[in-house]
Amino acid sequence: VITGLISLAFEIVSWIIIVDVILSWVIAVQRPRWAHHPLIRLVQEISYQILRPFRKLLDRIGLKTGPIDFSPLIAMMALRFVGMAIVRILQNIGVP
């Protein structure tokens with residue numbers, strides 16, 4: 001049960017990142033009126049807080065990629081790895 005909830009939480013965070021990436025493309029091209037909706041702002045803020053350390057890391061190691069931001073891809077891979085590691089550890093110690 002607990003491992004399922006942890007997996008679900010990591011999955012939700014991954015989907016928030018995906019939605020934010022798609023929204024950033026739509027907003028950049030179309031400038032829709034709903035771009036300032038509180039739910040859209042919430043998704044953007046959550047995604048920003050998650051991606052900020054990865055953007056700083058890419059900048060620190062000199063991987064400025066211009067208009068293409070690879071931090072969502074790296075963040076999702078890191079989240080997937082951490083989520084799987086946590087679930088595996090919990091399963092190994094007997095947590096359902």
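View 1. Across the whole structure, a search finds 2 salt bridges, each a side-chain nitrogen of Lys or Arg within 4 Å of a carboxyl oxygen of Asp or Glu. The model is predicted: local features need pLDDT of at least 70 and side-chain atom pairs pLDDT 80 or more, while totals for chains, interfaces and linings use all residues. Residues are numbered from 1 along each chain as its sequence is written, and side-chain values use heavy atoms, without hydrogens and water. The side chains of Glu11 and Arg80 meet in a salt bridge at 3.4 Å, N to O. Glu11 lies in helix α1 and Arg80 in helix α3, so the pair ties together parts 69 residues apart in sequence. Helices are DSSP runs (H or I, at least four residues), numbered from the N terminus.

**View 2. Salt bridge between Arg55 and Asp69.** The side chains of Arg55 and Asp69 meet in a salt bridge at 2.8 Å, N to O. Arg55 lies in helix α2 and Asp69 in the loop between α2 and α3, so this pair ties together parts 14 residues apart in sequence. Arg55 is partly exposed at 32% relative accessibility, and Asp69 is partly exposed at 35% (buried is under 20% relative accessible area, exposed over 50%, partly exposed in between; 1.4 Å probe, protein chains only).

**View 3. Surroundings of Asp20.** Asp20 has its place in helix α1 and counts as buried, at 11% relative accessibility. Leaving aside residues up to four places away in sequence, Asp20 touches Val43, Gln44 and Ser47 (contact means heavy atoms within 4.5 Å). Asp20 and Val43 are 23 residues apart in sequence and 6.4 Å apart in space, C-alpha to C-alpha.

Notes: Helix = DSSP H or I, 4+ residues; strand = E, 2+ residues; numbered from the N terminus.
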